[in-house]
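Please look over the model below before reading the points that follow.

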Amino acid sequence: MSEPFSVSAALSDLTPGRPLAIVDADEVVLRFVAGFDRFLRQRDLYLDLVNYRLHGNVRRTPDGVAVLDVEVTALLEEFRQDLDSLEPVEGAVDALKKIGARAHVVVLSNVTKVQATARRRNLAACGLDLPLICNSGPKGPAVRDLSIRAGRPSFFVDDIGQHLASVAGSAPDIFRIHLVGDERLKAILPVSEHAHLRAKDWNAAAEFICARLDEVA
């Protein structure tokens with residue numbers, strides 16, 4: 001479990017009143033699931049995302065059910081500390097650099113301080129030099145607090161409907177963009193009713209954000 005909301009030192013440089021784009025890391029910036037697949041294959045394991053069943057060389061109960069609660073959690077903890085295999089979501093790097101020319105961009109992730117070292121290393125390998133915020137609680141309060149620090153307008157980009165709903169409940173005036181990551185997750189992730197835009201890719205998300213920035217320039 002991650003530690004409570006923790007802001008990196010780089011956020012002390014945020015200019016009050018300058019627009020802010022807060023971006024969730026997993027499947028929005030970095031292809032977490034694809035990287036986790038490679039990590040599992042090296043151990044002769046396969047995770048069925050739809051049914052959340054772990055297959056392959058895995059310990060099972062007498063009735064043949066995989067011991068998921070312990071094994072998947074342990075594997076995820078191990079994987080989060082070694083994220084060099086992650087690749088950026090298509091279009092994310094260019095889009096975030098384009099947005100970053102006009103607004104502050106920060107990355108929000110549910111990682112511990114130990115895991116954050118690997119996450120920052122992975123972002124740097126993708127060519128992204130962005131502040132990383134560690135958060136273990138609901139996304140809404142964290143996004144609201146960051147937005148208050150930076151001023152308006154603020155944007156939040158995520159692929160999880162529940163995260164967008166949390167932000168809508170805590171800070172309804174923040175623009176919310178639903179950008180679904182890994183294709184296999186679409187079957188189990190609900191379409192968000194709490195987004196100002198459901199973007200099919202990063203190009204659409206960047207256009208939406210830049211258009212809103214033009215309106216307030």
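1. Two strands count as paired if DSSP finds at least two bridges between them. Strands (E, at least two residues) and helices (H or I, at least four) are DSSP runs, numbered from the N terminus. This is a predicted model, in which local features need pLDDT of at least 70 and side-chain atom pairs count only at pLDDT 80 or more, while totals for chains, interfaces and linings use all residues. Residues are numbered from 1 along each chain as its sequence is written, and side-chain values use heavy atoms, without hydrogens and water.

2. Six strands form an open sheet with parallel pairing, in the order S5-S4-S1-S6-S7-S8. At its edges are S5 (132-134) and S8 (197-199), each of which pairs on one side only. From one strand to the next the twist averages 25°; angles run from 0 to 180 degrees between N-to-C directions, with axes fitted to C-alpha atoms, for helices over the stretch in contact.

3. S7 (residues 175-179) pairs with S8 in the parallel sense over three bridges. Opposite Leu 197 in S8 stands Ile 177.

4. Helix H4 (residues 113-125) lies across S4 (104-109) and S5, running at about 155° to S5. Helix H5 (residues 139-150) lies across S1 (20-24), S4, S5 and S6 (154-158), at about 155° to S1. Contact means heavy atoms within 4.5 Å.

5. The chain has a mean pLDDT (the predictor's confidence in each residue, from 0 to 100) of 80, and 79% of its residues reach 70 or more. Confidence is highest in S6, at 96, and lowest in S3 (residues 53-56), at a mean of 57. Over residues 1-10 the pLDDT is below 50, and this stretch has 26 contacts beyond near neighbours in sequence. Where pLDDT is low, the predicted coordinates should not be read in detail.
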